[in-house]
Amino acid sequence: MPKTILTVDDSASIRQMVSFTLKGAGYTVTEAVDGQDGLDKAKSGKFDLIFTDQNMPRMDGITLIKQLRAMPQYKAVPILMLTTESGDAMKSQGRAAGATGWLVKPFDPQKLLEVVRKVIG
């Protein structure tokens, strides 16, 4: 059974690029338009990996990570930040919230897949 990935980003073009890259590698992908939508979809499904942007309306990525980490089914699920934010302060906030890793946009599709394979196979 293919691994399932939730991708949370308010940019439709980023969601499409991430989705296209992951589906091409055989993963099942669900898209969410912001942090609140991502949280709602995470509650109603079970994902092997979650990608989230940081700067989004309704709920930012770090708040989403904290909410997900509070749920038993997402305590150990890898959560990767995929964002334009690359500052050390933001990265340490992400780590403190429970982010597994950090990728900076624009992303290289091959690098994205390498990271995904590392964290979920």
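**View 1. The crossing of helices α1 and α5.** The crossing of α1 and α5 is right-handed, a crossing being called right-handed if the near helix is turned clockwise from the far one by less than a right angle, and left-handed if anticlockwise. The contact is formed by V18, T21 and L22 on the α1 side and by P109, L112, L113 and V116 on the α5 side, where contact means heavy atoms within 4.5 Å. Sorted by class, the contact of α1 with α5 holds 6 nonpolar residues, 1 polar residue and no charged residues; here Ala, Val, Leu, Ile, Met, Phe, Trp, Tyr, Cys and Pro count as nonpolar, Asp, Glu, Lys and Arg as charged, and the others, Gly among them, as polar. Helix α1 covers residues 12-24 and helix α5 residues 109-120, and the two pack at an angle of about 60° with their axes 10 Å apart. The two helices are therefore oblique to each other, since angles under 35 degrees count as roughly parallel, over 145 as roughly antiparallel, 65 to 115 as roughly perpendicular and the rest as oblique. Axes are lines fitted to C-alpha atoms, for helices over the stretch in contact, and angles run from 0 to 180 degrees between N-to-C directions. Helices (H or I, at least four residues) and strands (E, at least two) are DSSP runs numbered from the N terminus.

The model is predicted, so that local features need pLDDT of at least 70 and side-chain atom pairs count only at pLDDT 80 or more, whereas totals for chains, interfaces and linings use all residues. Residues are numbered from 1 along each chain as its sequence is written, and side-chain values use heavy atoms, with hydrogens and water left out.

**View 2. The packing of helices α2 and α3.** Helix α2 (residues 35-44) and α3 pack at an angle of about 20°, with their axes 9 Å apart, which makes α2 roughly parallel to α3. The crossing of α2 and α3 is right-handed. On α2 the contact involves G35, G38, L39 and A42, and on α3 it involves L64, Q67 and L68. By class, the contact of α2 with α3 is made up of 4 nonpolar and 3 polar residues, with no charged residues.

View 3. K105 is placed in the loop between β5 (101-104) and α5, while D9 lies in the loop between β1 (4-8) and α1. With 13% relative accessibility, K105 counts as buried, and D9 is also counted as buried, at 2%; buried means under 20% relative accessible area, exposed over 50% and partly exposed in between (1.4 Å probe, protein chains only). The side chains of K105 and D9 are joined by a polar contact of 2.8 Å, a polar contact being a pair of N or O atoms within 3.5 Å, of which, within protein, one must be able to donate a hydrogen and the other to accept it, with residues adjacent in sequence counting only if both atoms are side-chain atoms. Not counting residues up to four places away in sequence, K105 touches D9, I14, D53, L82, T83 and T84. With neighbours within four places in sequence left aside, the contacts of D9 include R15, A32, V33 and M56.

**View 4. L82 in strand β4.** L82 is found in strand β4 (residues 79-83) and, at 3% relative accessibility, counts as buried. The C-alpha atoms of L82 and K105 are separated by 6.4 Å, although the two residues stand 23 apart along the chain. Residues up to four places away in sequence aside, L82 touches D9, I14, V18, F51, T52, D53, L103, K105 and F107.

**View 5. Two backbone features in loops.** Most residues other than glycine have a negative phi, and most peptide bonds are trans. The peptide bond from K105 to P106 is cis, with omega near -5°, and P106 lies in the loop between β5 and α5. R58, in the loop between β3 (49-52) and α3 (61-69), has a phi near 70°, a positive value in a residue other than glycine. R58 is exposed, with a relative accessible area of 61%.

View 6. S19 is placed in helix α1 and is buried, with a relative accessible area of 4%. Its contacts, with neighbours within four places in sequence left aside, are V29 and E31. M17 is also found in helix α1 but is partly exposed, with a relative accessible area of 39%.
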